[in-house]
Amino acid sequence: DQHLHYVHNFLNIERYKITSEIEAPTGSCALGFEFEKTGTEKLGAGGIGRLCLNGKLAGAGKITRTSVVRYHLADDGLCCGYDSQTPTSEDYDSPFRFSGKLKRVIVNVNGDSYSDPELEYKIAMAKQ
């Protein structure tokens, strides 16, 4: 539907869905998700999830609980462009392969924001 979606499936008990308030542009663009822990628990703390389109905030939502366990590599785990086993969302059936092209995927878990000056330059030039 031309919108960016993020779904956190908490152990198939609860699902938290965040949808961008604006449509994703066609062509190359930078899509992002950021999670800010707001709870005080060491494990399973909730927080705020934020969606970004080309470096700008596009949507946000509360995620009350996160998983406190590590996933084994044989489990569903982190997949890019498809769901290897069970679907994260009830909106589709696995494997639901992405038909576009992923040029690069960056996962940053150190808490620092990521910026890509080269990509930001390309986006700025494409807008002219």
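Modeller: Before we look at any residue, keep one scale in mind: a residue is buried under 20% relative accessible area, exposed over 50%, and partly exposed in between, with a 1.4 Å probe and protein chains only. This is a predicted model, in which local features need pLDDT of at least 70 and side-chain atom pairs count only at pLDDT 80 or more, while totals for chains, interfaces and linings use all residues. Residues are numbered from 1 along each chain as its sequence is written, and side-chain values use heavy atoms, with hydrogens and water left out.

Biologist: How many aromatic pairs does a search of the whole structure find?

Modeller: In general, a pair of aromatic rings is described by the distance of the centres and the angle of the planes. Rings of Phe, Tyr and Trp (its six-membered ring) pair if their centres lie within 6.5 Å, and planes under 30 degrees apart count as stacked, over 60 as edge-to-face and the rest as tilted. To place such residues we also need helices (H or I, at least four residues) and strands (E, at least two), which are DSSP runs numbered from the N terminus. Searching the whole structure gives two aromatic pairs. In one of them, Y6 and F33 are stacked, because their ring centres are 3.7 Å apart and their planes lie at 10 degrees. This pair links distant parts of the chain, since Y6 belongs to strand β1 (residues 5-10) and F33 to strand β3 (residues 31-37), 27 residues apart. Y6 counts as partly exposed because its relative accessibility is 23%, and F33 is likewise partly exposed, at 33%.

Biologist: What are the centre to centre distance and the angle between the planes for Y92 and F96?

Modeller: Y92 and F96 are also stacked, with 4.5 Å from centre to centre and 20 degrees between the planes. Here Y92 is buried, as its relative accessible area is 18%, whereas F96 is exposed, at 53%.

Biologist: Which side chain meets R15 in a salt bridge?

Modeller: A salt bridge is a side-chain nitrogen of Lys or Arg within 4 Å of a carboxyl oxygen of Asp or Glu, and by this rule the count comes to five. R15 meets E90, with 3.3 Å from N to O. The two come from distant parts of the chain, 75 residues apart: R15 is in strand β2 (residues 14-19), and E90 is in the loop between β5 (56-63) and α1 (117-126). R15 is partly exposed, with a relative accessible area of 31%, whereas E90 is exposed, with 67%.

Biologist: Which residues are linked in a network of salt bridges?

Modeller: The network links E34, E36 and R50. R50 meets E34 at 3.6 Å, N to O; because R50 lies in strand β4 (residues 47-53) and E34 in strand β3, this pair ties together parts that are 16 residues apart in sequence. R50 also meets E36, at 2.7 Å, N to O, and this pair joins strands β4 and β3 across 14 residues in sequence.

Biologist: What order do the three strands of the open sheet have?

Modeller: Two strands pair if DSSP finds at least two bridges between them. The open sheet has the order β3-β4-β5, with antiparallel pairing, and its edge strands are β3 and β5, each of which pairs on one side only. Between β4 and β5, which run antiparallel, there are seven bridges; I48, for instance, has K62 in β5 as its bridge partner.
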